[in-house]
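Please look over the sequence and the fold below before reading on. The text after them walks through a few parts of the chain in turn.

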Amino acid sequence: MKVPPRAEEITIPADVTPERVPTHIVDYSEAEQSDEQLHQEISQANVICIVYAVNNKHSIDKVTSRWIPLINERTDKDSRLPLILVGNKSDLVEYSSMETILPIMNQYTEIETCVECSAKNLKNISELFYYAQKAVLHPTGPLYCPEEKEMKPACIKALTRIFKISDQDNDGTLNDAELNFFQRICFNTPLAPQALEDVKNVVRKHISDGVADSGLTLKGFLFLHTLFIQRGRHETTWTVLRRFGYDDDLDLTPEYLFPLLKIPPDCTTELNHHAYLFLQSTFDKHDLDRDCALSPDELKDLFKVFPYIPWGPDVNNTVCTNERGWITYQGFLSQWTLTTYLDVQRCLEYLGYLGYSILTEQESQASAITVTRDKKIDLQKKQTQRNVFRCNVIGVKNCGKSGVLQALLGRNLVRQKKIREDHKSYYAINTVYVYGQEKYLLLHDISESEFLTEAEIICDVVCLVYDVSNPKSFEYCARIFKQHFMDSRIPCLIVAAKSDLHEVKQEYSISPTDFCRKHKMPPPQAFTCNTADAPSKDIFVKLTTMAMYPHARLRCMCTCNRCTFCICQNFLNSDLLQSVKNKIFTAVLNRLRARVAEWGAMLLADDEGSITHQVHAVSSVEDSIFMESSQGPLFLEARHVTQADLKSSTFWLRASFGATVFAVLGFAMYKALLKQR
């Protein structure tokens, strides 16, 4: 039988291979093909099988003298192709060539394995292609160094991150529940109790500190994977690495870190309820002293699963901290909320480092993000489902903008003076309660400039800050308002900062109060952070309310007790009005009861027919009483009652009816006029 020098290209379908991937086999013949054709095939290959004859010493020597150097010349040193040595014609000899091949394998680390086979009787042919596939899908090179007989640093680093993510209680060991969870998410099957104990016994047998308190330590975890690789089961380690997002170079893949997330224009991004639960558990996991704050060491421990420290010192001046400057639980959630709002891709990346999709068993960390609807729809429907509102703080330099930002975090002037210049932040975020709802208010300090950029205009509410002690401070606020916000639908609030200082007249055509009145804005809000305790948060509640209800266009948000709104509200809610109304109702009802009792006594003297007639009259009086509410108008109609009787009782009815109707109609007219404005 004549064997052709070169076989045609063969494709092994995926459904007949253990790894379920198609395999294309390309044969090369030195007798028929040129070196250029060989170089082209090498550049397209994922794995190369170098075939030698086990009964031909010259063929074996050619492996190192020609083929391996030729292949290495055409590949980069850092990305060498995996090689499989194939000893053919094993049916012709009674001995093995492995003693000759082992030194070659030790010399060239790119050689994955060696397989002796026979093409004549098909011995080990299927194993040959299995190892070829395995060399591509589960290469040994990135994981293990044969010379030093230990895992490479990049592999140790990746497995250490995986261990820390899997150690959900952060006690330094993987207990049975954590090991079972790890086994299930990586291999879709839990371990039996006896199997778990067997694994621990193997570790105990080889290293003394591999098991502690019935849990697997990091050393034990790394030892197990070293053992898998040394025994040729590196596919186990690769399965774990790929489940946690690693590629063949042991880098986290872009698909893992940055899953697809579509964000339409005029929409914002927020964390959903499941994401906050995950972050809460992450905080609790690293808050070892249970003081509801992360110390520098605890924060450093949290970021060990990151390739770099993601937060700088400015974060401590962006969110709430305790007296020692440590980020509190509320500050921790606020910082994540800020990152999600400003840079959602970075938030996805950070959640990927923490293993969000793995620990929550979600497809990706994109499931942690809520994309809000278009703001135009919120304005049309006059309601919003958003929880984060952005406020741009605008004013001249040194007008008190930084004080406003830090006041949101509960810091007075004394604490603000301790902040280093290079640690200052242009953002501040904290929770604010509006009508019992918890919302996040994000303040952004906009630097002084002649014109604002488009990005600096986009926000939910604007806070225009001027210094009451600087006569030239308000002019900038007025100019920016007229340039960018006078004709927009973005609500604005003017804040008179440093109100504890002596107020001077502003060098502008009209006063700030008249300016607000002219442009139908709330009056200037006095504010100071020079207080003994935490500054007042009233302006932050007002800003958040305006951001939540921009359609309301509230004209008065004060408690000045001078404007029409305050006077009407105070009058309707006053104790005097309530007392008068209650006394009038009580007097009228007592008068009616007395009159009814008097009529009852008169009825006893009448005959039976007259009694029946009078009873119907009394019933008609009682049935005719209609009270809309305890605070509403009272209508009375008495039939079959003489004119003399009515003269003494209807006065109180008319008085109460008139007073109530006057108050209700007056307030209704005020509301109508307010709506028209």
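What follows is a tour of selected rings, strands, helices and loops.

This is a predicted model, in which local features need pLDDT of at least 70 and side-chain atom pairs count only at pLDDT 80 or more, while totals for chains, interfaces and linings use all residues. Residues are numbered from 1 along each chain as its sequence is written, and side-chain values use heavy atoms, with hydrogens and water left out.

Start with the aromatic rings. A pair of aromatic rings is described by the distance of the centres and the angle of the planes. Here, rings of Phe, Tyr and Trp (its six-membered ring) pair if their centres lie within 6.5 Å; planes under 30 degrees apart are stacked, those over 60 are edge-to-face, and the rest are tilted. A search of the whole structure gives 25 aromatic pairs. One of them joins Trp 336 and Tyr 350, with 6.1 Å between the centres and 85 degrees between the planes, an edge-to-face arrangement. Trp 336 belongs to helix H13 (residues 329-342) and Tyr 350 to helix H14 (residues 344-354), so the pair links distant parts of the chain, 14 residues apart. Helices (H or I, at least four residues) and strands (E, at least two) are DSSP runs, numbered from the N terminus.

The word buried means under 20% relative accessible area, exposed means over 50%, and partly exposed lies in between (1.4 Å probe, protein chains only). Trp 336 and Tyr 350 are also members of one aromatic cluster, whose other members include Phe 283, Phe 303 and Trp 311.

The charged end of Arg 66 sits over the ring of Trp 67, 4.8 Å from its centre. The rule for this is that NZ of Lys or CZ of Arg is within 6 Å of the ring centre and within 35 degrees of the ring normal.

Next come the strands. Strands of a sheet pair through backbone hydrogen bonds, either parallel or antiparallel. Two strands count as paired if DSSP finds at least two bridges between them. An open sheet of 3 strands has the order S8-S10-S9, with antiparallel pairing. Strand S8 (173-174) and strand S9 (211-212) are at the edges with a single partner strand each, so one side of each has no neighbour in the sheet. S9 pairs with strand S10 (residues 215-217) over 2 bridges, and Ala 212 stands opposite Gly 215 in S10.

Another antiparallel pairing joins strand S16 (residues 427-434) to strand S17 (residues 437-446) through 8 bridges. Within it, Ala 428 has Leu 443 in S17 as its bridge partner. S16 is mostly covered, as 6 of its 8 residues are buried. The hairpin of S16 and S17 has 2 residues between the strands, and Tyr 435 there takes a positive phi near 55 degrees.

That backbone angle deserves a note. Most residues other than glycine have a negative phi. Lys 149 has a positive phi, near 55 degrees; Lys 149 lies in the loop between strand S6 (144-145) and strand S7 (150-151) and is exposed at 57%. Asn 398, with a positive phi of about 65 degrees, is in the loop between strand S15 (388-394) and helix H17 (401-408). Asn 398 is exposed as well, with a relative accessible area of 62%.

Now take helix H8 (residues 218-230). Its 13 residues should span 18 Å at 1.5 Å a residue, and its end C-alpha atoms are 18 Å apart, which agrees. The expected span is 1.5 Å times one less than the number of residues. How many of the 13 residues of H8 are buried? The count is 10, so H8 is mostly covered. Among the buried ones are Phe 221, Leu 224 and Ile 229. Just after H8, Gly 232 takes a positive phi of about 80 degrees.

Finally, the search for disulfides (a pair of cysteine sulfur atoms within 2.5 Å) finds 0 in the whole structure. Cys 155 is buried at 0% relative accessibility, and Cys 320 is buried at 14%.
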